[in-house]
Amino acid sequence: MPTIVICFDGMAPEYLVHADTPVFDRLGREGRWITGHCQMPSVTNVNNVSILSGAKPVAHGINANFAIGSDGVEVYMESPDAIRVPLLQQRAADAGQRVAAISSKAKLAAIIGQHADVTFSVEHPLAWVVESIGAPPPIYSFEANLWLLRAARLVMERERPDFLYVTTTDYLGHMLPPEADEARATFTESDRLVGALIEGIDDVSIAITADHGMNAKRRCLSPEAILAAHGIEAVSVSTLQDRYTRHHGNMSGSAYIHLDRSIRERAAEVLRASAGIERVLTREEAAGEFALDPALIGELVLLGDIETAFGGGDEPECAVEIRSHGSLHEARVPVITWGPRFEGFDGTENRSIGAWLHRQYDGLAAVSAPREAPAV
Ligand SMILES: [Zn+2]
């Protein structure tokens, strides 16, 4: 009973409102299609790991794409070593199943490729894939994800995995709004390729979701500069930056603020008075509300309003024209499930897909585990 899970990076529900998607429509009609929510912060690595583990960030350990621990040590969140719970690939492999995991971005390959019999990315494709469907387009193109979906079909035909995970890149989401002709055409073609992916495969089940949504941002705030203007020293980490560089353009709708606890209340007051900041939470409040690991999120957690992102730099505020994510406004995602494996599925989060499948593998492991000898 092959199972496919696809994470369309940055696929806000609005993209599917504007595009023609007859296949998704059918899957939703025959199965289930809801608008659910992702994990906070609404960034890529946090949510890919939640989808694959079924767990919340406090349990799986990935609380941003990058973090500074409470000991001040920088923690890179691209390595599988940071993940504290088993992912579906491992559960499936342990249950004797054949596993494939493919991605657009190479940076996700290290996390998703563990325990997979077959793994590659658009950036680092395998020779036999290129021989069959041609060389992949550049990673910064709207066609990169379409190539990955064609590769997914090839993997299903040639490798016959029991479990296939596909995760794309959100380049399109960062570049185009849902109503753009090219966005609509790309999602319609993605829909057609998903139809081709499951065509004629016996007993196949599929789940389609996103790691986060996407919104236009008009204002960028530098929390460090805002606080510095009040004589408060702090280090701000944008939740979607890949590594710590102060002048980096990785602007996120949420940020972790590291500072001395003794000045936390004063800093929170200053930040609450700044236009564009929707919520200022203490470490404890954020950990409680969003199930985050308090050791990895700094003393304060900032959430922007729909058009505000957090970055670095010496200017407290600047005008930008970008599309990004990270805030609560990008937390709505489609959750589409179809096929025998998802009969009875009633999850409301992207990670519910993983949690559901983990429970099924629990059953498989119980069936295949050797029986204990009866106690004498
Ligand atoms: Zn993403």
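The model is predicted, with local features kept at pLDDT of at least 70, side-chain atom pairs at pLDDT 80 or more, and totals for chains, interfaces and linings taken over all residues. Numbering starts from 1 along each chain as its sequence is written, and side-chain values use heavy atoms, leaving out hydrogens and water.

View 1. Contact, meaning heavy atoms within 4.5 Å, draws in 29 residues from domain 1 and 22 residues from domain 2.

View 2. About 2100 Å² is buried between domain 1 and domain 2, with 58% of it on carbon and sulfur atoms. That is accessible area (1.4 Å probe) lost when the two parts are put together, summed over both.

**View 3. The salt bridge.** Domain 1 and domain 2 have 1 salt bridge between them, counted when a side-chain nitrogen of Lys or Arg lies within 4 Å of a carboxyl oxygen of Asp or Glu. Arg84 pairs with Asp293 in a salt bridge, and their closest N and O atoms are 2.7 Å apart.

**View 4. Elements on the domain 1 face.** Here α4 (57-60), β3 (66-68), β4 (74-76) and α9 (171-175) each give two or more residues to the side touching domain 2. These are DSSP runs numbered from the N terminus: helices (H or I, at least four residues) and strands (E, at least two).
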